[in-house]
Amino acid sequence: MSREGSVVELSLESSLDKMEMVEEVARRVSGMAGFDEESEFQIEMAVHETVINAISHGNKQDPRKNVWLRFQIFGDRLEIRVRDEGRGFDVASVPDPLAEQNLLSVSGRGIFLIQKFMDEVRVVSHPGSGTEVIMIKRLNSKVRPRRGGRDREHEGHSTSS
Ligand SMILES: Nc1ncnc2c1ncn2[C@@H]1O[C@H](COP(=O)(O)OP(=O)(O)OP(=O)(O)O)[C@@H](O)[C@H]1O
Ligand SMILES: [Mg+2]
């Protein structure tokens, strides 16, 4: 059965104890969309980081504020939207975690990971009325598997990274 056009929407209160459920939904929707296990993991991680940011940085864990998630399956891709009710932010001003002075920092890697794991990431900030992060993962994603290292079977020769 084709899942094309399927939409799953969630509205969450700003509490981190909902994370497990959010990750489970992300994994299940990714499976329904036809992604392999590796991509499911990447999507789950991207959703995890985005929702934690929305709850913590966006809504500042204010129980009166909500986070909305929307998953939409298309024939060639999965589109995920995460919206909060915070003050918004400028993604271009987020420090580069790979810069030498940031390498030892214990935080500041969420957005970097999201951008690595997804094929497209757009952040739309609405000053005063929150942030919407729109992420797309394509079924023929250019993001290659990274886990497993040498134990994995590689097609052709691998490049170092
Ligand atoms: N939804 C959001 N609303 C407001 N600011 C945000 C939002 N998402 C991210 N930010 C800002 O962007 C910065 C970088 O986010 P990022 O997820 O990369 O790192 P972090 O959350 O600080 O640390 P980590 O995710 O590694 O625990 C945050 O510190 C915050 O200032
Ligand atoms: Mg973060």
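**Salt bridges, ligand and surface**

Modeller: Let me start with Glu-9, which counts as exposed because its relative accessibility is 57%. Keep in mind that this is a predicted model.

Colleague: Okay, which residue forms a salt bridge with Glu-9?

Modeller: Look across to strand S2, residues 66-73, while Glu-9 itself sits in strand S1, residues 7-13. The pair ties together parts that are 61 residues apart in sequence. The closest N and O atoms are 3.2 Å apart, and the partner is Arg-70.

Colleague: Is Arg-70 buried, partly exposed or exposed?

Modeller: Its relative accessibility is 27%. Buried would need under 20% and exposed over 50%, so Arg-70 counts as partly exposed.

Colleague: What about Glu-79, buried or exposed?

Modeller: Glu-79 meets Arg-81 in a salt bridge at 2.9 Å, N to O. Arg-81 is partly exposed, with a relative accessible area of 24%. For Glu-79 the value is 11%, and the cut-off is under 20%, so Glu-79 is buried.

Colleague: And how many salt bridges does a search of the whole structure find?

Modeller: Besides the ones above, there's Lys-18 with Asp-17, at 3.3 Å from N to O. In that pair Lys-18 is partly exposed at 24%, whereas Asp-17 is exposed at 61%. Searching the whole structure gives 12.

Colleague: On to the ligand: how much of the area that ligand 1 exposes when taken alone does the protein bury?

Modeller: 14 residues surround ligand 1, with Asn-53, His-57, Asp-84, Gly-108 and Arg-109 the closest. An N or O atom in the Asn-53 side chain is 2.8 Å from a ligand 1 oxygen, and a backbone N or O atom of Gly-108 also lies 2.8 Å from an oxygen of ligand 1. Taken alone, ligand 1 exposes 600 Å², and the protein buries 74% of that.

Colleague: Which residues form a nonpolar patch on the surface?

Modeller: One member is Leu-103, found in the loop between strand S3 (77-83) and helix H3 (110-117). Leu-103 counts as partly exposed because its relative accessibility is 44%. The patch has about 360 Å² of accessible area together, and its members are Leu-98, Leu-103 and Leu-104.

Colleague: Last one: what pattern does the protein chain follow along the sequence?

Modeller: There are 3 helices and 5 strands in the chain. Among contacts between residues at least 6 apart in sequence, 63% join residues at least 24 apart. Read along the sequence, the pattern is β-α-α-β-β-α-β-β.

Conventions:
Residues are numbered from 1 along each chain as its sequence is written. Chains are lettered from A and ligands numbered from 1 in the order in which they are written. This is a predicted model: local features need pLDDT of at least 70, side-chain atom pairs count only at pLDDT 80 or more; totals for chains, interfaces and linings use all residues. Side-chain values use heavy atoms; hydrogens and water are left out. Patches are made of residues with over 30% relative accessible area and no salt bridge: like charges are joined within 9 Å, nonpolar side chains (Val, Leu, Ile, Met, Phe, Trp, Tyr) within 5 Å. Accessible areas come from the Shrake-Rupley method with a 1.4 Å probe; for residues, only the protein chains shown count as cover. A salt bridge is a side-chain nitrogen of Lys or Arg within 4 Å of a carboxyl oxygen of Asp or Glu. Helices (H or I, at least four residues) and strands (E, at least two) are DSSP runs, numbered from the N terminus. Buried means under 20% relative accessible area, exposed over 50%, partly exposed in between (1.4 Å probe, protein chains only). A residue is near a molecule or strand if one of its heavy atoms lies within 4 Å of it. A polar contact is a pair of N or O atoms within 3.5 Å; within protein, one must be able to donate a hydrogen and the other to accept it, and residues adjacent in sequence count only if both atoms are side-chain atoms. Contact means heavy atoms within 4.5 Å.
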